[in-house]
Amino acid sequence: MGDLALIFAFALGPALCVGAAGALTLRLLRERSVTVHIVTLLVVTVTAMVAAVAMVADQMFLSPHDRNVVLITVAAAALVSLTVGWLFGRRLAAAAVWADQARQRERQIEQGRRDLVAWVSHDLRTPLAGLRAMAEALEDRVVNDPASVSEYHRRIRVETDRMTRLVDDLFELSRINAGALRLTLSAVPLGDVVSDAVASAAPLAAACRVRLLAPDSGWPTVLASEPELARVVGNLLLNAVRYTPSEGTVRVEAGADTDCAWLAVADTCGGIPEEDLPRVFEVAFRGERARTPCPSTGGPASAGEPTSSGGLGLAIVRGLVEAHGGRVQVRNTTGGCRFEVRLPLPGTA
Ligand code: ADP
């Protein structure tokens, strides 16, 4: 028993030293990746075991040959343990990182849902209260001169249209978020989609005295679902017109690289504040400019433009573009900003 206790003490000494050094190393490496931690942990464990065996073998007065046999055996076992540990450790680390990212994504989505519900209830409550007040005034004949009555009717219609668009946008967004969007992809001539969008935005552009420029030719063909692509182009174009001061210019351009086509909508809005740039595609994000109506028309709603101005337009754009396997970005340019959409070319899917 005395011998065994002695052997235990001899094995414990070097193992404890390695363990202490390992603990210190792990502490110094605490900012490093999970893989580094797992590998260090393995090295410490295996080295502690090797050190204990080597020390005991040394104390057992083995012949040099037998001691080498013990050490080679331990080294082989250590090598296998380290290799297997390293391989599985990497997988474990990747799984841990993936799980962490998934948790973060889930938290962001949950936060987005909460913001959306709060925002929708706010955005619907205000116009609903207005509609109710106007309907009551008409019912009680508080307003009865024909001009006021027809103005009230007009405002009720405009508000109802706006709320309908808002609900449509919400429905579209929920379809995108739920992955329920079924795209029928085909080769779509981008020029046709842009010319339709330009024609729809022209009345608003004229009312806001904004020049709309788009080349007549040179448009690429893209792999897309036409109604969704039309929505993307329409939203970008109408935003550009709405946020550009009068006498400004909105320019639509497109081209093709080797692997994708691009469409750019550039305006002279004066630029988006740098701190807002990463947030413009978020659901319910509305910048300062969203509260500044087009001055020549007395506001977007009265100009009759078909966007909701509800902070959903760009979130829908991003959702639809990503559903096509493309991406959308925005950057400031001299005196304005430029939204760029990249979409796959036919035959590249
Ligand atoms: P909405 O326009 O209804 O507020 P969007 O999602 O379409 O919502 O846009 C989000 C915000 O991004 C806008 O409130 C505005 O601040 C900014 N924005 C979008 N498009 C433009 C643009 N073309 N020029 C300048 N700012 C823009």
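A quick word on the model: it's predicted, with local features needing pLDDT of at least 70 and side-chain atom pairs counting only at pLDDT 80 or more, while totals for chains, interfaces and linings use all residues. Residues are numbered from 1 along each chain as its sequence is written, and side-chain values use heavy atoms, leaving out hydrogens and water.

Now for the ligand. It has 20 residues around it, and the closest are Asn239, Tyr243, Asp267, Gly311 and Leu314 (a heavy atom within 4 Å counts as near). Here are some polar contacts, meaning pairs of N or O atoms within 3.5 Å:

| Residue | Protein atom | Distance to a ligand oxygen atom |
|---|---|---|
| Tyr243 | polar side-chain atom | 2.4 Å |
| Gly287 | polar backbone atom | 2.9 Å |
| Leu314 | backbone N or O atom | 2.9 Å |

On to the helices, which are DSSP runs of H or I with at least four residues, numbered from the N terminus. The axes of H6 (residues 226-242) and H8 (residues 313-323) come within 9 Å, crossing at roughly 145 degrees; these axes are lines fitted to C-alpha atoms over the stretch in contact, with angles from 0 to 180 degrees between N-to-C directions. Touching residues (heavy atoms within 4.5 Å) include Asn235, Leu236 and Asn239 of H6, plus Leu314, Ile316 and Val317 of H8. By class, the contact has seven nonpolar, three polar and two charged residues, with Gly counted as polar.

Key: Helix = DSSP H or I, 4+ residues; strand = E, 2+ residues; numbered from the N terminus. Polar contact = N/O pair within 3.5 Å; in protein donor to acceptor, adjacent residues only side chain to side chain.
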